[in-house]
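Please look over the sequence and the structure shown here. The paragraphs that follow go through some parts of the structure one at a time.

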Amino acid sequence: MSDDQDLATFEDVGTPERDKPPFLRLPEPGKLFAIRAERFAALAPGHQLEGYLAFLGRLSQAQATLAATIDPPAMPSPADLRLRAANAMPVLPREELAADPAVTAAFDQLAKSLADVAMPDLARAALARAVAAEPEARQAMFAAVLADAVPVEAVAEHIFAAAALQVVAASRSARLDPALPQPVADGVCPCCGGPPVASAVVADLNVEGVRYVQCSLCATQWNHVRVKCVSCGSTKGIAYQEIEGIADTIKAETCDECRTYVKILNRRKAPELEPVADDVASLGLDLLVTEAGWRRAGVNPFLLGY
Ligand SMILES: [Zn+2]
Ligand SMILES: [Zn+2]
């Protein structure tokens with residue numbers, strides 16, 4: 001706790017300009033999904049959710065293949081992008097993706113590559129239903145994922161829709177000039193407007209102990225000082241919850257102002273942590289914190305069934 005506070009002070013004052021961490025770190029889809037696949041595979045053995053984590057590892061691998069083979073997605077004109085950035089709007093609004101033919105094409109390609117992949121029977125049946133869905137129903141699935149309004153009875157189908165959307169959204173954000181997107185609001189991705197999945201203290205920058213929030217949809221990371229609520233920006237009433245004795249490298253940052261929490265992963269201590277995979281694998285922390293009365297602000301389509 002004191003470690004976190006010291007570092008927040010360090011970030012807030014007296015950091016020389018040359019050592020300022022960049023505001024944005026754009027995704028590298030070619031690496032992102034492959035690293036995530038490896039992490040899911042590493043987390044699975046002996047875990048309570050072993051079968052599910054192993055399946056998500058194979059799904060992430062299929063996303064990696066998709067990311068490496070899809071056509072570069074179409075982008076708005078540079079003038080449109082600049083106008084949105086100048087108005088502090090997400091430059092690639094995620095809502096546009098629901099009706100984007102590139103998303104349907106990506107979904108079809110993903111489904112094809114998953115045909116021979118081992119998965120739980122429930123997931124197999126859900127994939128078959130999603131593949132057989134009429135175009136309007138398919139579009140409604142994409143829209144539900146993008147609006148964080150997935151119906152509880154159809155979570156499994158939406159995992160595949162979300163997987164396709166993640167690849168297209170990450171591929172779009174990856175094509176941006178990182179200097180263009182501007183801060184939009186707390187808890188909102190400057191690139192696509194998506195909500196965060198989790199945050200992480202990174203280890204691979206010159207400045208030590210800098211925290212980035214990662215977008216649940218396009219995986220863009222934006223800088224956010226520590227000991228400050230990711231959702232509402234409050235610096236008061238912030239506390240850290242962890243599961244005693246299990247992993248002090250993953251904590252829930254709770255906010256008494258808005259009563260939500262977002263996880264913070266310490267990649268300085270544990271560089272192998274991956275925001276999406278470790279978020280799923282640390283489900284026990286969510287159970288603990290939600291039971292104590294905080295609402296989860298991080299969005300993770302792979303956690304919706306729990
Ligand atoms: Zn985003
Ligand atoms: Zn808050």
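The zinc ion (ligand 2) is held by the SG atoms of Cys229, Cys232, Cys255 and Cys258, at 2.3 Å. The model in which this site is found is a predicted one. Seen from the zinc ion (ligand 2), the four donor atoms subtend angles of 106 to 114°, and the arrangement is therefore tetrahedral. The cut-off behind that word asks that all angles lie between 85 and 135 degrees. Along the chain, the donors of this ion follow the spacing C-x2-C-x22-C-x2-C. Two of them, Cys229 and Cys258, link distant parts of the chain and are 29 residues apart. Cys229 sits in the loop between β4 (221-223) and β5, while Cys258 sits in the loop between β6 and β7 (260-266).

Are these two residues buried or exposed, or something in between? Cys229 has a relative accessible area of 4%, so it is buried. Cys258 has a relative accessible area of 25%, so it is partly exposed. The limit for a buried residue is under 20%.

Strand β5 is joined by four bridges to strand β6 (residues 250-255), and the two run antiparallel. Within β6, Thr254 is the bridge partner of Ala239.

There is also a zinc ion (ligand 1). Which residues are its protein donors? They are Cys189, Cys192, Cys215 and Cys218, each through its SG atom, lying 2.3 to 2.4 Å from the ion. The site of the zinc ion (ligand 1) is tetrahedral, with angles of 97 to 118° among its four donor atoms. The donor residues of ligand 1 are spaced C-x2-C-x22-C-x2-C in sequence. Here Cys189 and Cys215 link distant parts of the chain, 26 residues apart. Cys189 lies in the loop between α8 (155-174) and β2 (196-202), and Cys215 lies in strand β3 (residues 210-215). Both Cys189 and Cys215 are buried.

The last stop is a pair of helices. Two packed helices are described by the angle between their axes and the distance between the axes. For helix α2 (residues 29-43) and helix α3 (residues 50-69), the axes come within 8 Å and cross at roughly 165°. The helices α2 and α3 are therefore roughly antiparallel to each other. Their crossing is left-handed.

Note on methods. Residues are numbered from 1 along each chain as its sequence is written. Chains are lettered from A and ligands numbered from 1 in the order in which they are written. This is a predicted model: local features need pLDDT of at least 70, side-chain atom pairs count only at pLDDT 80 or more; totals for chains, interfaces and linings use all residues. Side-chain values use heavy atoms; hydrogens and water are left out. Two strands pair if DSSP finds at least two bridges between them. Donors are N, O and S atoms within 2.8 Å of the metal (3.2 Å for Na, K and Ca); water is not among the atoms, so sites may look incomplete. Four donors count as tetrahedral if all angles lie between 85 and 135 degrees; four count as square planar and six as octahedral if opposite donors are over 155 degrees apart and all others between 65 and 115; anything else is irregular. Buried means under 20% relative accessible area, exposed over 50%, partly exposed in between (1.4 Å probe, protein chains only). Axes are lines fitted to C-alpha atoms, for helices over the stretch in contact, and angles run from 0 to 180 degrees between N-to-C directions. Angles under 35 degrees count as roughly parallel, over 145 as roughly antiparallel, 65 to 115 as roughly perpendicular and the rest as oblique. A crossing is left-handed if the near helix is turned anticlockwise from the far one by less than a right angle, and right-handed if clockwise.
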